[in-house]
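Please look over the sequence and the model shown below before reading on. The paragraphs that follow lead through its helices, its core and its ring contacts.

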Amino acid sequence: FFESDAVVCRLSVRAGRDSRSRGSPTRMPCNDILPGAENARCPPRRGGKDVRRARSALVLYTEASRERLRAANPHAKYAEVTRLASAEWKALGLSARADWEKAAVDDKLRFERERAAADAAAGGAAG
């Protein structure tokens, strides 16, 4: 199996690098294109629907404060804005963090509901 022959699925590009070709992302064949491939490690889609993962309190806070931080620091790069948001997060008091922690719990419950619905839809479609 050669990388040039692979049909790359939406989840097959990994953060790591492939040892065969320096500098290019690791690629694997897609399950739904090559269903019999033994080395196909892409997870199957749940009923054709992507479920957005649950976000942590820090991620929710960063998403909410990114625009404000970008306006205050217009020349800051993405990583710098993230560092600024992280520093603000560390300086927040417990009461302010509690609101974001509750929002994170709510997002986790949303994720579990959507994942269960997607699994049920995938199970119903396959069965």
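This is a predicted model: local features need pLDDT of at least 70, side-chain atom pairs count only at pLDDT 80 or more; totals for chains, interfaces and linings use all residues.

Which residues are buried in H2? In this helix Val 81, Ala 85 and Trp 89 are buried, where buried means under 20% relative accessible area, exposed over 50% and partly exposed in between, with a 1.4 Å probe and protein chains only. Seen down the axis of H2, these buried residues fall within an arc of 80°, so they line one face of the helix; the arc is that of the directions from the helix axis to the C-beta atoms. An α-helix has 3.6 residues a turn, so residues three or four places apart point the same way. On the other side of H2, Arg 83, Lys 90 and Ala 91 are exposed.

Residues are numbered from 1 along each chain as its sequence is written, and side-chain values use heavy atoms, with hydrogens and water left out.

The protein has three helices and zero strands, and along the sequence it follows the pattern α-α-α; helices (H or I, at least four residues) and strands (E, at least two) are DSSP runs numbered from the N terminus. For H2, the 14 residues should span 20 Å at 1.5 Å a residue, and the end C-alpha atoms are 20 Å apart, which agrees; the expected span is 1.5 Å times one less than the number of residues. Buried residues make up 21% of the 127 residues in the protein.

The largest nonpolar core has five residues, namely Ala 57, Leu 60, Tyr 61, Trp 89 and Ala 104, and H1 gives the most to this core, with three residues. Such a core is a set of buried Ala, Val, Leu, Ile, Met, Phe, Trp, Tyr and Cys residues joined through side-chain atoms within 4.5 Å.

Because Tyr 61 lies in helix H1 and Trp 89 in helix H2 (residues 78-91), the pair ties together parts that are 28 residues apart in sequence. Tyr 61 and Trp 100 form an aromatic pair that is edge-to-face, at 5.5 Å centre to centre and 85° between the planes. Since Trp 100 lies in helix H3 (residues 94-126) and Tyr 61 in helix H1, that pair ties together parts 39 residues apart in sequence. Tyr 61, at 9% relative accessibility, counts as buried, whereas Trp 100 is partly exposed, with a relative accessible area of 24%.

Ser 65 touches Ala 85 and Glu 88, not counting residues up to four places away in sequence, and the C-alpha atoms of Ser 65 and Ala 85, 20 residues apart along the chain, are separated by 6.9 Å. In helix H3 lies Arg 115, which at 32% relative accessibility counts as partly exposed.

Technical notes
Contact means heavy atoms within 4.5 Å. Rings of Phe, Tyr and Trp (its six-membered ring) pair if their centres lie within 6.5 Å; planes under 30 degrees apart count as stacked, over 60 as edge-to-face and the rest as tilted.
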